Amino acid sequence: MELVDSFGRRINYLRLSVTDRCNLRCRYCMPVEGVEKLTHGDILSYEELFRIARAAVAIGVEKIRITGGEPLVRKGIVPFLARLAALPGLRQLVLTTNGLLLPEMAAELRRAGVQRLNISLDSLKPDTFRAITRTGDVTRVLAGIDAALAAGFPPPKINMVVMRGVNDDEVVEFARLTLDRPFTVRYIEYMPATREENWQRLCIPAGEILDRIATVYGLEPVEKGAMAGPSRDYRIRGAAGTIGVISAVSGHFCSECNRIRITSTGMAKSCLFSDEGLDLRPFLGAGGQTPLEDALRRLVGCKPERHGMDAEKAEHRAFSMAKVGG
């Protein structure tokens, strides 16, 4: 079964947030004053999250990415992941993490059936990492990457949000990570989720990022897989790994968007930067799976052609990435 929106895009990818809690406070994710934490009753139970995932797979979703906040801080996450991994029809179960808890959890995540990890890492320098995250120890993340490899995970995708004057001096250094090890390093343009004043000063277009790398290394394009995300991928000639750029601001990829999002409170969003959403809680009561499946189909049917953000403006209301699932 295929799930297709009104613009002919095949929707086969669900980002499912399991918590708004996080053990970091990244500056691009939440404002300096923090965000109001949701109560236990606000968050969907694992059973409710599973029902949503099962309904999504039943109507055509083939890939589920588990997000947060930081998904690994929620108690009971591993048995939930094992249950998801066993869903008939689900082809990929992947997880995005900041890596801080991977030294202890990587092996059990692999045994649970998680197939791949995306690890957020915005700096290799301890002081810069601490400034971006407002806390945190980069050596823990690096140890988490090693633990994931030791547990048998494929080399992870390493996500770097590039910010001018903050960590952009490390762009080439991150590219070097792919020379000898088959990592995928993805450079993500800074997105104005929190609507920080004069946010444009932080944005570095994907083209400039590639130009900086190309002054040092020759690049060649790489074809991506059928269920891959929005990254444009390249390889340094002769390198073991790849690099990619995600140009959500300078060159939106909305025409290729294949995803929907569900927050940990059960709010379904067809676009990260849309102010509209569909509350799935009313469809989680009695009545079986059909009402939930129909609600998800309606969500896909209302998916906008593109978001209203570019390098000059951002039309959405400010929000915390931790509350939406990034």
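A crossing of two helices is called left-handed if the near helix is turned anticlockwise from the far one by less than a right angle, and right-handed if clockwise. Keep that in mind, everyone, while we look at this one. It is a predicted model, where local features need pLDDT of at least 70 and side-chain atom pairs count only at pLDDT 80 or more, while totals for chains, interfaces and linings use all residues. Residues are numbered from 1 along each chain as its sequence is written, and side-chain values use heavy atoms, with hydrogens and water left out.

Let's start with the helix pair. Helices here are DSSP runs of H or I, at least four residues, and strands are runs of E, at least two, numbered from the N terminus. Helix α1 (residues 46-58) packs against helix α2 (residues 77-85) at about 25 degrees, and their axes, lines fitted to C-alpha atoms over the stretch in contact, lie 11 Å apart. The crossing of α1 and α2 is right-handed.

Who makes the contact, meaning heavy atoms within 4.5 Å? From α1 come Tyr-46, Glu-47, Leu-49, Phe-50 and Ala-53, and from α2 come Ile-77, Phe-80, Arg-83 and Leu-84.

Now two backbone points. Most residues other than glycine have a negative phi, and most peptide bonds are trans. Gly-68 and Gly-69, however, are joined by a cis peptide bond, with omega about 10 degrees. Gly-69 sits in the loop between β2 (63-67) and α2.

Then there is Arg-134, not a glycine, whose phi is positive, near 60 degrees. You'll find Arg-134 in the loop between α4 (126-133) and α5 (138-150).

Conventions: Axes are lines fitted to C-alpha atoms, for helices over the stretch in contact, and angles run from 0 to 180 degrees between N-to-C directions. Contact means heavy atoms within 4.5 Å.
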